[in-house]
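Happy to walk through this one with you. Have a look at the chain below, and then we can take a few questions in turn.

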Amino acid sequence: MIQLRQYSQRTHPLNADVIILLPCTFKAIKIFIVLKFILFNISSIAQHKAWKGNNDIAEMESAARTSYFSSGTRTAASSNFNIHYMRCVWQVDPAIRSIAGAVTFYYTVTNNSDAITLDLKSPLITDSIIQRNTRLSFTQSPDIVTLNFPSNIPAGTTDSLTIFYHGVPPNTGFGSFINTTHAGVPVMWTLSEPYGARDWFPCKNGLDNKTDSIDIYIIHPSAYKAASNGLLQYEQPHDAGRTISFWKHRYPIATYLICFAVTNYDVFSNTVQLINRTMPMVTYCYPESRVIFENNIVQVSDALQLFDRTFGPFKNEKYGHVQFGWGGGMEHQTSTFIVTPDESLMAHELAHQWFGDKITCATWEDIWLNEGFATHLAAYYMEKKYPANILANRRSVINNITSQPGGSVKVNDTTSVSRIFSGRLSYNKGSYLIYMLRLKLGDSAFFRGIRNYQSDPALTYGFARTTDLKRNLENVSGQSLSQFFQQWFEGEGFPSYTVQWNSFGSSRVRIKLNQTTSHPSVSFFAMPVPLLFKNANQQKLITVHNNSNGEIFMENIGFIPDTVMVDPELWLISKNNTTTKTTAEPGIAEISIYPNPLTDPAKILIQDMNANSAQLLLYNAAGQKVIQKNIPLVNGYAEYYLPLYNLAKGIYHISIVSGSFRYAKQFIR
């Protein structure tokens, strides 16, 4: 329960002394707050533009973030403590660029310490720091506030304290603290990703600590409504002309996902039926936008049901939208901020509730775990709903990725917000890593691996690296993905494929596959490559596992084709692929063994051998013969599957001998 009592006014009409009694897990703490407001005007930000598809979301968000960003040190908070719970009391007026607050932290000291440091950006002013009715000494510099304890605190000590502060937040990040207008009415919102939280409240600004739960009290003019994370507990009068809105959120939350917005919102609610429960949905929108929100908000219900079936539940509180004026959306936990109810945008921000909120990237170099997945899942939803648009949308994204020859998904400069939120790399190329993982693993293994990733006890409601995703996908699929992530996550560029092929008999084709790469960081991309063979009456899609240049494949497709297409469904990042029909060269023996590394069974193709049989010999690294087989040949051709299930992992040498013909190659098992 909160009790509020107004004291006498000071000389400035916006100054007030307020005493607040707040519930506390450890004990009740009496908080004395001096609330100070400073009038400050800023101009309205540019209005958003409309977009046409998934690719536009990446471009808009990246452009908007870059336009607001200013550089500087990102976090200087000390690592000698972890925050468990936060109670935030903020007094704001959308017409006045100012904030006054009291933020209470429950924390555990992790090392013996006589001080802890929090991020807090000037010109915010720390008024006092109270611990058990005692003022703590502190020092404040432009980016931090350091609290000095009266004595050394042993590691493992759990305690609480409250920081009282006020001031005019700076405008960094993507506009971390904005007050502007809509239809002539004041509106205020926050957007703290990636480094902007310190602009408006004391915090740990890095990706190393999630607060287990938060309570947020917003004191604001009674003409307005306040939206925030979690569930609204009450809105009640505070004093003449002001209301206090109390929001409670009981899930771990990263600092940059804490939010609020205040204006004359219209509020409406509906529900969506999920597999195991009914989830409430709440929308806060501008009155002038209510019709468009009411007409379109049902679309997010479809996406929520699809993602619920695919990944399982993510929240037991609510999901909602809050309208704001930034050009895109922001996935604040349980309370997505969006500019307009575009279907693809809503699906993108909804996907973040799993990928970004429930599991958050542990470093900004892994931001694709947030943005790449949200981009892919928005496309996944749109492809399910609008299958006729699949190829056009995929082509648009591939064209954007391949518009430049380099660039890695791994962020190589986390001091640059434009690089972190690169639409081409973090959003689009990141989303296409997921397409290629689905192709490589198959949808069944891929989605089982993603569900395991989402429920991994080491990651759930915590932080993850790309290696954590890799580990979960490998555990389910049984495949090593080290080469994939080395080439596609850390490496730059993409392949261009050259396919030479010819018919062999009435039903087989011989395929020779080469590639060039667009960037020297990767000399060869080892990937499954889909090929569509067709003639006027028939077609067949096959997938060959391309592990080296000049690799030859023999495939039985059942008819004589006249055309082949590389990656017809656009699962791969590639560009300028070519196909050439060649003339067969009879009498020239060809051996093709794949994949490499070998999996059980290995596939061996023999073509144009001038003999009735061939002998296969397999030696281990010590030179010991472990397999000897005689392979019958029909018209000089054979397909043979070599069982390897009883062989240890290691290096092997394969030899194939037929008359004067000799073939030898080294493989890895």
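Q: Not counting residues up to four places away in sequence, which residues does R277 touch?
A: Keep in mind that this is a predicted model. R277 is found in the loop between strand 19 (266–273) and strand 20 (278–285). With residues up to four places away in sequence left out, R277 touches V272, D308, P313, F314, K315 and N316.

Q: Which residue has its backbone oxygen 3.3 Å from a polar atom of the R277 side chain?
A: A polar contact takes a pair of N or O atoms within 3.5 Å. The R277 side chain has a polar atom 3.3 Å from a backbone oxygen, and that oxygen belongs to K315.

Q: Is R277 buried or exposed?
A: Buried means under 20% relative accessible area. The relative accessible area of R277 is 18%, so R277 is buried.

Q: Where does P194 sit, and why does P194 count as buried?
A: P194 has its place in the loop between strand 13 (185–190) and strand 14 (213–221). The cut-off for buried is under 20% relative accessible area. P194 counts as buried because its relative accessibility is 1%.

Q: How many Å apart in space are P194 and S176, C-alpha to C-alpha?
A: In sequence, P194 and S176 are 18 residues apart. From C-alpha to C-alpha, the two lie apart in space by 9.3 Å.

Q: What percentage of the residues of the chain count as buried?
A: The chain has 11 helices and 39 strands. Of its 669 residues, the share that counts as buried is 60%.

Conventions: Residues numbered from 1 in each chain as written. Predicted model: local features only at pLDDT ≥ 70, side-chain atom pairs only at ≥ 80, totals over all residues. Heavy atoms only, no water. Helix = DSSP H or I, 4+ residues; strand = E, 2+ residues; numbered from the N terminus. Buried < 20%, exposed > 50% of the residue type's maximum accessible area, 1.4 Å probe, protein only. Polar contact = N/O pair within 3.5 Å; in protein donor to acceptor, adjacent residues only side chain to side chain. Contact = heavy atoms within 4.5 Å.
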